[in-house]
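Biologist: Could you take me through one part of this model closely, namely the salt bridges and the surroundings of the residues that take part in them?

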Amino acid sequence: PDSPEGAVSAAPATAPANDGVAQGLSITPTAYFSRTETPLITDEQLADEDLHYIVHMLPSDPSVRNYAMLYDASLRMAYWVAYPLCDYYMKGSGKRTDDWGYDPDIDMQANLERGIDGYDRGHQLPSADRLTTKADNATTFYYTNITPQTGKGLNQSIWNNLEEKVRRWASHTDTLYVVTGAMPTDERHPT
């Protein structure tokens, strides 16, 4: 879909090289505009060279919104991932692909091919929420959509239960708008 008049562009991204740090090929910046499920992004955030607003459309139908995120290249993680959820997205010919890989729209990604010792590769947009096609499901395995989570204590229990509950809620409504996120803590972002 076309962006509305007055939309602001986020910083451009480049395609990743094999080492997980992108070089070369320039990608057109994504225009930011608020959608029902998209958290507010401030002008200060849009001006930050480390922050990237990314929108992915469904590979099976580029006119259909898949998900959006605010990604921090210095922390190599998404602050949040926002997406619409309804039966359309959860049913189809797609299955879980486990097709882990780099997001083609951003540089400076963590290489999570083997994960991080002691942590699961937790999805912010769950794999089971995008089963329309195999290609659509593969977008949930982009490293930019992954946040390290403790396995049995979070990802395989509490988080999994929440994901299942959200899918049940979505099956009883037209469209549910979901935002998931992580809270980084470092020198720039103290608790």
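Modeller: Aspartate 129 forms a salt bridge with arginine 167, with 2.7 Å between the closest N and O atoms, where a salt bridge is a side-chain nitrogen of Lys or Arg within 4 Å of a carboxyl oxygen of Asp or Glu. This pair links distant parts of the chain, since aspartate 129 lies in the loop between β8 and α3 while arginine 167 belongs to helix α5 (residues 158-171), 38 residues apart; helices (H or I, at least four residues) and strands (E, at least two) are DSSP runs, numbered from the N terminus. The model is predicted, so local features need pLDDT of at least 70 and side-chain atom pairs count only at pLDDT 80 or more, whereas totals for chains, interfaces and linings use all residues. Residues are numbered from 1 along each chain as its sequence is written, and side-chain values use heavy atoms, with hydrogens and water left out.

Aspartate 129 is buried, at a relative accessible area of 2%, and arginine 167 also counts as buried, at 16% relative accessibility (buried means under 20% relative accessible area, exposed over 50%, and partly exposed in between, with a 1.4 Å probe and protein chains only). In α5, Arg167 is buried along with Trp159, Glu163, Val166 and Ala170. Seen down the axis of α5, these buried residues fall within an arc of 100°, so they line one face of the helix; the arc is that of the directions from the helix axis to the C-beta atoms.

The loop that holds aspartate 129 is also the place of threonine 132, between β8 (120-123) and α3 (134-138). Threonine 132 is buried, with a relative accessible area of 10%, and its side chain makes a polar contact of 2.4 Å with the side chain of aspartate 136 (a polar contact is a pair of N or O atoms within 3.5 Å; within protein, one must be able to donate a hydrogen and the other to accept it, and residues adjacent in sequence count only if both atoms are side-chain atoms). Leaving aside neighbours within four places in sequence, threonine 132 is in contact (heavy atoms within 4.5 Å) with several residues, including Leu58, Tyr88 and Lys91.

Lysine 91 in turn forms a salt bridge with aspartate 87, at 3.9 Å between the closest N and O atoms; lysine 91 counts as exposed at 54% relative accessibility, and aspartate 87 is partly exposed at 31%. The structure holds three salt bridges, one of them joining the side chains of arginine 96 and aspartate 98 (3.0 Å, N to O).
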